[in-house]
Amino acid sequence: MVINDNNEERVLPTSLDLMSEPSFRLAYQDPELLMQPEMRSIRLLLEAEKPRHYLEKYNIDSTIVVFGSARIVDPDTARHRLTIAEMSLEESRNDRRRKERVQRAKTLLELSKYYDMAREFARIVSEECKNDDRKNYVIVTGGGPGIMEAANRGAYDADYPSIGLNIKLPQEQQPNRYITPELCFQFHYFAMRKMHFLKQAQGLVVFPGGFGTFDELFETLTLRQTKRMQHIPIILFGMKDYWSKIIDFKALTEMGVIDEADLDLFYDAETPQQAWDYIKRYHQ
């Protein structure tokens, strides 16, 4: 106890009191500090370094990136969802939304073939590369369901590691169960996640998908077009049945907004083996 200038008594804190204060924490063990807006650069650096550390630890030298829709599930699940939608429609035959739900479920059942193809592609790649001392052409996905799950599952079928780069979203994304546990990451920043997708990539295979897949595809095409990343083959899987119906690439050249040569930045494949053979020829 001490007496101040106003002749008032004050109690001195103990050492334990001082040690319990947030200011006493080691900076890197202070979550409240790290989450402050001015610490954003530190958080970005951590997201840059953590995956690099783990990939180096587990001898991952190169990767093959697989993008695609989270909504394209395996055929059995797609059939089950269609059955549920049809049963719901039976209860109210004139309900417009239920009719739309049935039609969407039918379309997704048709697209479910790409789940099997993504799984087979990843299995083929992983089987052929699993004998390397260092780990090359390791499958990397966004870590979620759908096409991402299929590709991680294909590597799992081959007993070869695969990577999942999950992202923290308002509706929480759950990592699929086929990712190698030691290589399952979660990101807050899309920019850092995208960087890690491409940093060690030796190929990119893009299956049918929506906004997220488009974002990832066109960012990669832009980086290749502007020569800001390594040369890799970019393969659009399902050009005939999906991509050519969704995006008119030729119209972009006709309108002059891209060059004719920019169409050579990507290739199409219709079978898993075709996609893998093209990646091998590209690097040979």
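Modeller: One term before we start: two strands pair if DSSP finds at least two bridges between them. Strand 4 (residues 138-141) and strand 5 pass that test, with 3 bridges in the parallel sense. Keep in mind that this is a predicted model.

Biologist: Which residue in strand 5 is the bridge partner of Ile 139?
Modeller: Ser 162 is the bridge partner there.

Biologist: What sort of unit do strand 4, helix 7 and strand 5 make?
Modeller: They make a right-handed β-α-β unit. Helix 7 covers residues 147-157.

Biologist: Is strand 5 buried or exposed?
Modeller: Buried: 6 of the 6 residues, 162-167, are buried. Strand 5 is therefore largely enclosed by the rest of the structure.

Biologist: Which way do the residues of strand 5 point?
Modeller: Ser 162, Gly 164 and Asn 166 point one way. Ile 163, Leu 165 and Ile 167 point the other way. All of them are buried.

Biologist: How many bridges join strand 5 to strand 6?
Modeller: 4 bridges, and the two strands run parallel. Strand 6 spans residues 184-187. Phe 185 in strand 6 is the bridge partner of Leu 165.

Biologist: Let's zoom out. What is the strand order in the open sheet?
Modeller: The order is 6-5-4-3-7-8-9, an open sheet of 7 strands with parallel pairing. Strand 6 and strand 9 (266-269) are the edge strands, and each pairs on one side only. From one strand to the next, the twist averages 25°.

Biologist: What do strands of a sheet pair through?
Modeller: Backbone hydrogen bonds, in either a parallel or an antiparallel arrangement.

Biologist: And how many bridges join strand 3 to strand 4?
Modeller: 3 bridges, again with the strands running parallel. Strand 3 is residues 63-67. Ile 64 stands opposite Ile 139 in strand 4. Ile 139 also has Ser 162 of strand 5 as a bridge partner.

Biologist: On to the helices. Which strands does helix 3 lie across?
Modeller: Strand 5 and strand 6. Helix 3, residues 40-57, runs at about 175° to strand 6. Helix 9 packs on the sheet too, touching strand 3, strand 7 (201-206), strand 8 (234-237) and strand 9. The direction of helix 9 makes about 150° with that of strand 8.

Biologist: At what angle do helix 8 and helix 9 cross?
Modeller: Roughly 60°, with the axes coming within 12 Å. That angle makes helix 8 oblique to helix 9. The crossing is right-handed.

Biologist: Which residues make that contact?
Modeller: Helix 8 brings Arg 193, Lys 194, Phe 197 and Leu 198. Helix 9 brings Asp 215, Glu 216, Glu 219, Thr 220 and Leu 223.

Biologist: New topic, backbone angles. What is phi of Asn 59 near?
Modeller: Near 60°, which is positive in a residue other than glycine. Asn 59 is in the loop between helix 3 and strand 3. Asn 59 is partly exposed, at a relative accessible area of 28%.

Biologist: What about Tyr 137, where is that found?
Modeller: In the loop between helix 6 (113-129) and strand 4. Tyr 137 has a positive phi of about 55°, although it is not a glycine.

Biologist: Does Tyr 137 count as buried or exposed?
Modeller: Buried. Its relative accessibility is 15%, and the cut-off for buried is under 20%.

Note on methods:
Residues are numbered from 1 along each chain as its sequence is written. This is a predicted model: local features need pLDDT of at least 70, side-chain atom pairs count only at pLDDT 80 or more; totals for chains, interfaces and linings use all residues. Side-chain values use heavy atoms; hydrogens and water are left out. Buried means under 20% relative accessible area, exposed over 50%, partly exposed in between (1.4 Å probe, protein chains only). A crossover is right-handed if, with the strands pointing away from the viewer, the path from the first strand over the helix to the second runs clockwise. Axes are lines fitted to C-alpha atoms, for helices over the stretch in contact, and angles run from 0 to 180 degrees between N-to-C directions. Angles under 35 degrees count as roughly parallel, over 145 as roughly antiparallel, 65 to 115 as roughly perpendicular and the rest as oblique. A crossing is left-handed if the near helix is turned anticlockwise from the far one by less than a right angle, and right-handed if clockwise. Contact means heavy atoms within 4.5 Å.
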